[in-house]
Amino acid sequence: MAQPDSMATQRLRRLLLHPWSLGVAGIAVLLGLWTLVAGLGVVDPLFLPTPAAVVAAGQEEAASGDLWRDISASVLRVLGGFGLSALVALPLGIAMGTNTTFCRLLEPLLALLRYMPAPAFIPLLIIYFGLGELPKVLLIFIGTLFFNTLMIMDAVKFVPRELLETTRTLGGKKRDLLLRVITPYIAPQVLDAFRINMAAAWNLVIVAELVAAESGLGKHITLAQRFLRTDQIFLGLIVIGLIGLLIDLGFRMLMRRSCAWAT
Amino acid sequence: MNLVLDSVCKRFGDGRAAQLVLDQISLTMHTGQFLALLGSSGSGKSTLMRLVAGLEKPTSGSLSLDGQPIRGPGSDRGMVFQKYSLYPWLTAAENVAFGLELKGLERGQIRERTAFYLEVVGLLDSAKRLPRELSGGMQQRVAIARALAAEPRLLLLDEPFGALDLQIRESMQEFLHNLWRSTGLSVLLITHDIDEALLLAQRVHILAPRPGRIVQSLSLDLDKGDLHELRISTPFQTLRHQVADTLRQLDRDLP
């Protein structure tokens with residue numbers, strides 16, 4: 001029979017060897033340093049609030065409902081802009097990946113547009129569409145469309161020729177190639193492209209809200225700056241980071257669920 | 001089944017960059033025959049196979065199957081490639097069923113035929129496994145089952161065992177030989193493996209490279225009762241050396 005002692009040791013070892021344990025340790029060290037430096041009082045609390053102060057700020061904001069309003073405003077903008085971008089990028093990328101004419105026509109254009117930083121479009125978007133939701137959604141759309149399209153195009157180009165030709169020898173028509181071979185084959189790469197480009201969308205929404213907004217996490221941060229509420233700024237940054245992490249994990253889970261063959 | 005190629009030429013590119021890949025290829029093939037096209041790289045053997053499959057069009061000359069000119073790919077000519085032969089997101093059974101679904105067969109019929117052809121290649125118990133869970137040899141067997149399930153008049157094999165280890169390749173050759181014997185399939189095999197061509201085929205066309213052309217045709221009447229015995233027998237080894245010399249000579253004659 002196993003000793004209870006060794007059981008505990010085993011459990012501890014399994015915990016330490018878990019792939020996440022190092023990552024958690026990294027975050028814990030940072031939190032520890034933060035607590036230590038803020039607690040020692042060597043830095044003015046105006047510049048560096050204690051973790052406890054940030055948690056308190058979070059509780060305050062959550063209770064008043066402001067936090068949820070800001071989160072939902074930012075998340076909805078990202079969903080709108082990125083959803084639109086994905087909706088356009090999918091057919092466009094597939095068309096460019098399968099059709100040489102399309103590709104030669106659009107690839108140089110997209111390569112050029114891709115190098116124009118999306119935030120540089122903000123002044124133009126404000127002139128055209130004012131300060132409402134539309135310019136923010138469009139900013140995210142512009143900022144992710146070209147990357148999404150080019151990454152999907154690349155995925156389509158890497159579908160093995162043999163797989164397409166096998167399908168044709170089995171009697172498959174163009175439609176079958178598109179829907180039954182290309183689409184499932186590129187699905188994992190498309191999900192991965194979306195996961196990576198979602199980070200850009202999340203950055204852009206904050207940038208847009210820093211410039212001009214009624215609500216949102218970016219707005220939360222600019223307001224806090226005006227009142228020198230560094231605890232609120234820290235809260236905003238941490239919430240932005242956590243939501244980004246959740247989105248990333250969500251995409252990874254979706255990938256494992258729907259494209260198990262590729263993982 | 002009657003496959004006729006008449007003075008088929010294939011040229012890639014135009015003008016100065018044009019390259020003649022196949023030069024005046026003529027051959028015929030009948031039901032139940034096992035024909036091999038043997039040649040080194042550059043002999044245009046894969047291009048020839050693609051022409052028969054209908055994936056390429058000849059520059060001149062004609063190809064016909066049972067009197068009908070070959071205009072494009074179709075499920076009457078099943079094809080198996082060397083690599084990327086299976087849909088990686090589908091199980092073995094779903095891979096085999098794929099062509100039948102494209103044909104619009106009924107569900108029950110698809111299930112029945114899929115099981116039958118998986119059984120033919122000895123993989124019924126791996127029906128639910130994904131390609132990546134199968135060995136290279138098993139994957140090629142599934143690919144063959146998928147081609148057979150469409151019940152083609154002609155099976156086209158483009159170096160189907162080229163990516164496999166030597167040991168597995170030999171057992172796959174035995175498998176293909178037995179399959180051909182028991183089903184009366186018509187098989188067109190492309191290979192650069194002399195043993196493979198001589199062991200399996202009744203007739204072997206040797207292709208010379210640049211441009212690809214048939215330089216020698218062998219009709220083989222070896223005793224194929226036991227492939228393993230045949231492999232090490234003296235007459236087989238003698239023939240093998242002769243063919244190897246021919247191929248070597250062809251490569252040396254290149255400009």
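## The four-stranded sheet of chain B

In chain B, four strands form an open sheet in the order E2-E1-E4-E5, and their pairing is antiparallel. Strands, like helices, are DSSP runs numbered from the N terminus, with at least two residues (E) for a strand and at least four (H or I) for a helix. Two strands pair if DSSP finds at least two bridges between them. The model is a predicted one, in which local features need pLDDT of at least 70 and side-chain atom pairs count only at pLDDT 80 or more, while totals for chains, interfaces and linings use all residues. Residues are numbered from 1 along each chain as its sequence is written, and chains are lettered from A and ligands numbered from 1 in the order in which they are written.

Strand E4 (residues 60-65) of chain B runs antiparallel to E5(B), and two bridges join them. Leu65(B) has Gln68(B) in E5(B) as its bridge partner.

## The six-stranded sheet of chain B

A further open sheet of chain B has six strands in the order E6-E7-E8-E3-E9-E10, with mixed pairing. Its edge strands are E6 (77-80) and E10 (213-219) of chain B, each pairing on one side only. On average, neighbouring strands of this sheet are turned by 20° against each other, direction ignored; the axes are lines fitted to C-alpha atoms, for helices over the stretch in contact, and angles run from 0 to 180 degrees between N-to-C directions.

Strand E3 (residues 34-38) of chain B and strand E8 (residues 187-191) of chain B run parallel and are joined by five bridges. Strands of a sheet pair through backbone hydrogen bonds, either parallel or antiparallel.

## Backbone details in chain B

The peptide bond from Arg210(B) to Pro211(B) is cis, with omega near -10°. Pro211(B) is located in the loop between strand E9 (203-208) and E10 of chain B.

Gln24(B), a residue other than glycine, has a positive phi near 50°, and it belongs to strand E2 of chain B. Gln24(B) counts as partly exposed because it has 16 C-beta neighbours inside 10 Å. The cut-offs are 20 or more other C-beta atoms within 10 Å for a buried residue and 12 or fewer for an exposed one, with partly exposed in between; C-beta atoms are placed from the backbone. Glu159(B) is not a glycine either, yet its phi is positive, at about 45°. Glu159(B) sits in the loop between strand E7 (154-158) and helix H5 (166-183) of chain B. With 19 C-beta neighbours inside 10 Å, Glu159(B) is also partly exposed.

## Nonpolar cores

A nonpolar core is a set of buried Ala, Val, Leu, Ile, Met, Phe, Trp, Tyr and Cys residues joined through C-beta atoms within 7 Å. The largest one has 69 residues, and those with the most contacts inside it are Ala36(B), Val52(B), Val96(B), Val142(B), Ala145(B) and Leu156(B). Helix H4 (residues 136-149) of chain B gives the most to this core, eight residues. Apart from neighbours within four places in sequence, Ala145(B) is in contact with residues including Val96(B), Tyr117(B) and Leu123(B). Contact requires that the C-beta atoms of two residues, placed from the backbone, lie within 7 Å.

A second, separate core has 43 residues, among them Ala118(A), Ile140(A), Ile182(A) and Tyr185(A).

## Chain A

Chain A has eleven helices and zero strands. Its radius of gyration, taken over C-alpha atoms, is 24 Å, well over the 18 Å that the globule rule gives for 263 residues, so chain A is more spread out than a compact globule. That rule is 2.2 Å times the number of residues to the power 0.38. The C-alpha trace of chain A spans about 75 × 70 × 30 Å along its principal axes. Of the 263 residues in chain A, 30% are buried.

Leu112(A) lies in helix H5 (residues 100-114) of chain A. Leu112(A) is exposed because 10 other C-beta atoms lie within 10 Å.

## Contact between the chains

Chain A brings 13 residues into contact with 22 residues of chain B. On the chain A side, helix H8 (161-169) and helix H9 (174-211) are the elements that give two or more residues. H8(A) supplies the largest share, six residues. By type, the chain A side divides into five nonpolar, four polar and four charged residues. Here Ala, Val, Leu, Ile, Met, Phe, Trp, Tyr, Cys and Pro count as nonpolar, Asp, Glu, Lys and Arg as charged, and the others, Gly among them, as polar.
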